[in-house]
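Here are my notes for your first read-through. Keep the sequence and the 3D view open as you go.

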Amino acid sequence: MTPRPDAPRPPVHAWAPPETPAEMTTRLRPVKARHPARTAGAIACVVLGVGLIGGAVAGTWLTGDAGAADSERARDAEVRTLWHSLPVDTLFPRTLRGDDAGPGGADRVWTRVGVAPDSDCASALDPLLARTMEQVGCVRVVRATYTDATASSVTTVGMVFTEAERDGMLALHNRFTTEGLGDRRDLMPRALPAKGTVAAGFGDGQRASWTVDVVTEAPVVVFAVSGFADGREIREPQPAGDATADGATTAAAQSGLGHDTTGIAERIGQGLRAAASRATEKSE
């Protein structure tokens, strides 16, 4: 296949095979026999030289890897403090806009109606979900509740800040994916009611759709759960991935609760990533 003119050039490798001699018929000149002591000394010098070069190269590789690991650890440590170092309006903006985020690509707007005090996992999450978060070590949980523009749906969104580093977050992400933990009803996030608002009656029985997103590039788990603002009980809650699928006919799907869940979780996650990037730039 002929490459496109604008295709990137292949990467230059650090090592290449020796160049083939231009002429293969040249006779080799005879070499005089060397004195054994001189030969041994030459070999020792070669071995010593190769060892020094190899050690220097290996040291550079190890130093580079260590520097990258230290940088990641410093960034993660900075992210773990964002739950109390950032203003609440940065963590949970008063208004979220979801262009094309609704069913059929409709625009959505969500307004914050309540924010909970920061808490531990045991207080903020259902017992089984809290136990699952023990794999990465729960530092703190922050939550807020939003309603849509029609005040007919309510959504609680939250973030679990963890002690884990990248490998630990990746392991938890893979576990959620391979074991289908994100679709289990007994791992649904807990609703956060807000007294005196349309979310006053938003309890565990009103949960209709949910999502849990394990962020692999930061020590954070983002979750969201939605329900109806009228307080109706939901007997068949549905994961947001299923509720937003084509042809879904459940109440959560037809009312757009799956889209609310996903849209709000995505925007809160995006805001966190942006804040983490700014915090890292300031610390460098």
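1. In which helix is Asn174 found? Look in helix 6, which covers residues 166-179. Bear in mind that this is a predicted model. Asn174 has 36% relative accessibility. That value falls between the 20% and 50% cut-offs, so Asn174 counts as partly exposed. Now find Thr216, 42 residues away from Asn174 along the chain. The C-alpha atoms of Asn174 and Thr216 are 9.6 Å apart.

2. Next, the disulfide. The count is 1. The partners are Cys121 and Cys138, with 2.3 Å between their sulfur atoms. The pair links distant parts of the chain, 17 residues apart. Cys121 belongs to helix 4 (residues 121-124), and Cys138 to strand 3 (residues 138-148). As a reminder, a disulfide is a covalent bond that joins the sulfur atoms of two cysteines.

3. Why is this disulfide called right-handed? The torsion about the S-S bond of Cys121 and Cys138 is about 95 degrees, and therefore the disulfide is right-handed.

4. Are the two cysteines buried or exposed? Take each in turn. Cys121 counts as buried because its relative accessibility is 6%, and buried means under 20%. Cys138 counts as partly exposed because its value is 26%.

5. Now go to Thr162. You will find Thr162 in strand 4, residues 153-162. Its relative accessibility is 0%, so Thr162 counts as buried. What does its side chain reach at 3.4 Å? The answer is the backbone nitrogen of Ala164.

6. Which residues does Thr162 touch, leaving out those up to four places away in sequence? They are Arg80, Val136, Gly137, Val139, Met169, Pro219, Val220 and Val221. Show these in your viewer and check the neighbourhood of Thr162 for yourself.

7. Last, the pockets. Rolling a probe the size of a water molecule over the atoms shows where empty space is left. The largest pocket holds about 160 Å³ of space. Its lining is made by Phe176, Gly180, Gly182, Asp183, Trp210, Thr211, Val212, Pro239, Ala240, Gly241 and Thr262. Two elements each give two or more residues to this lining: strand 5 (209-215) and helix 7 (240-243). Strand 5 gives the most, with 3 residues.

8. What is the make-up of that lining by class? The largest pocket is lined by 5 nonpolar, 5 polar and 1 charged residues. When you sort them yourself, remember that Gly is counted as polar.

Technical notes. Residues numbered from 1 in each chain as written. Predicted model: local features only at pLDDT ≥ 70, side-chain atom pairs only at ≥ 80, totals over all residues. Heavy atoms only, no water. Helix = DSSP H or I, 4+ residues; strand = E, 2+ residues; numbered from the N terminus. Buried < 20%, exposed > 50% of the residue type's maximum accessible area, 1.4 Å probe, protein only. Polar contact = N/O pair within 3.5 Å; in protein donor to acceptor, adjacent residues only side chain to side chain. Contact = heavy atoms within 4.5 Å. Disulfide = S-S within 2.5 Å. 1 Å grid on protein atoms, 1.4 Å probe; cavity = no way out; pocket = protein on both sides within 12 Å on 5 of 7 lines; lining within 4 Å. Points joined across faces, edges and corners; volume = space filled by probe spheres on them.
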